[in-house]
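Here is a chain to look at, with questions on how its residues and contacts get their labels. Each answer sets a value against a cut-off.

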Amino acid sequence: MNRSIANLQFFFVRKSIFLKNHGIFNPLNEAYYMTVTQFYGLLKTHFPHNTTLKQDIALQLLSKFVLSEAKDSVFLLKGYAGTGKTTITGTLVKNLWKAKMKSVLLAPTGRAAKVISGYAGQEAFTIHKKIYYPKAKKGGGVSFTLQKNKHRDTLFMVDEASMIPDINQDAKLFENGSLLDDLMQYIYSGHNCKLLLIGDTAQLPPVKLDVSPALDARLLENQFNKNVVELELDDVVRQQENSGILHNATRLRSILNEGIFDRFKFSGKIFPDIIRPADGMEIMDALQEHFSDETDDDTVFIVRSNK
């Protein structure tokens, strides 16, 4: 009798694996197992623009990453401003449920969390708020302890990952090591939970650090024993022709890559998204126009110094 049950269980396991590999409805648990090819086709169909070559590769790699049964893999999606990181992330969030996966959106700061929440159409949290809980100290004050990850089958998507430090910058407040250490420990303690790190290597690294550790594939592999899937998008497609912001950002990136920092000057060309006030009156007019009609997040003033 026991042998018959064992044989039946083995048959169910083999059948389940076959169904999962071929994207077939499974009557045993009423689940539809989606293949990598099917999920990639789904993402491609719901992508709002024609994909570039790198964007298409990103969708293929993400499809494989999401459906993979590997427990110690991390996806590192890097890219210039305007290369499609935002669009890829939004498309992935909206379709994950079809692959029987959930998503949690995180960012290092409240403002960054607000941005990713806006384009993904889903609530986002700061990393600190999600993974820590406050604990009162005996002598007064508060410390923050790592929470237990109760999520299952969840993809954690962290935007602006360049700002995540791997040193204990808040030693008096957080007692569980660096933020990057705690983030990795929290996520991978959950059942079938995975991490997608999104960022731009040209953005500022964390305070007191020269590089962004969360965007360093070698560090993630060596320090956390993870298999890293890495892709960098480098074809600027958003507002490519009329955006002075992206034009100057691209020039600045080229200079940073060359290691020559003292020759950068903002372009003198006229762009619709850049205003260069010539005197105090024009500055007052610009302040009145942009801060009365738009939210604070839509306008940035760049000055020579803070004096």
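Q: What makes Asp279 partly exposed?
A: In this predicted model, Asp279 has a relative accessible area of 40%. Buried means under 20% and exposed means over 50%, so Asp279 falls in between and is partly exposed.

Q: Why is the pair of Lys54 and Asp234 called a salt bridge?
A: The side chains of Lys54 and Asp234 meet at 3.3 Å, N to O. The cut-off is within 4 Å, so the pair counts as a salt bridge. Lys54 lies in helix H3 and Asp234 in the loop between strand S10 (227–233) and H9, so the pair ties together parts that are 180 residues apart in sequence.

Q: How do you know whether Lys226 is buried or exposed?
A: Lys226 has a relative accessibility of 10%. The limit for buried is under 20%, so Lys226 counts as buried. Lys226 forms a salt bridge with Asp72, the closest N and O atoms being 3.2 Å apart. Asp72 is partly exposed, with a relative accessible area of 38%.

Q: What makes Glu230 and Lys78 a salt bridge, and which label does each residue get for accessibility?
A: The closest N and O atoms of Glu230 and Lys78 are 2.6 Å apart, which is within 4 Å, so the pair is a salt bridge. At 40% relative accessibility, Glu230 counts as partly exposed; Lys78, at 8%, counts as buried. Glu230 is in strand S10 and Lys78 in strand S3, 152 residues apart.

Q: Why are Phe65 and Phe75 called an edge-to-face pair?
A: The structure holds two aromatic pairs. The ring centres of Phe65 and Phe75 are 5.5 Å apart and their planes are at 65°. Centres must lie within 6.5 Å, and planes over 60 degrees apart count as edge-to-face, so the pair is edge-to-face. Both Phe65 and Phe75 are buried.

Q: What makes Phe156 and Tyr186 an edge-to-face pair?
A: Their ring centres are 6.0 Å apart and their planes are at 85°. The distance is within 6.5 Å and the angle is over 60 degrees, so this pair is edge-to-face. Both Phe156 and Tyr186 are buried.

Q: Why is helix H4 called largely enclosed?
A: Eight of the 11 residues of helix H4 (residues 85–95) are buried, so the helix is largely enclosed by the rest of the structure. Among the buried residues are Ile88, Leu92 and Val93.

Key. Residues numbered from 1 in each chain as written. Predicted model: local features only at pLDDT ≥ 70, side-chain atom pairs only at ≥ 80, totals over all residues. Heavy atoms only, no water. Buried < 20%, exposed > 50% of the residue type's maximum accessible area, 1.4 Å probe, protein only. Phe/Tyr/Trp six-rings, centres within 6.5 Å; stacked < 30°, edge-to-face > 60°. Helix = DSSP H or I, 4+ residues; strand = E, 2+ residues; numbered from the N terminus.
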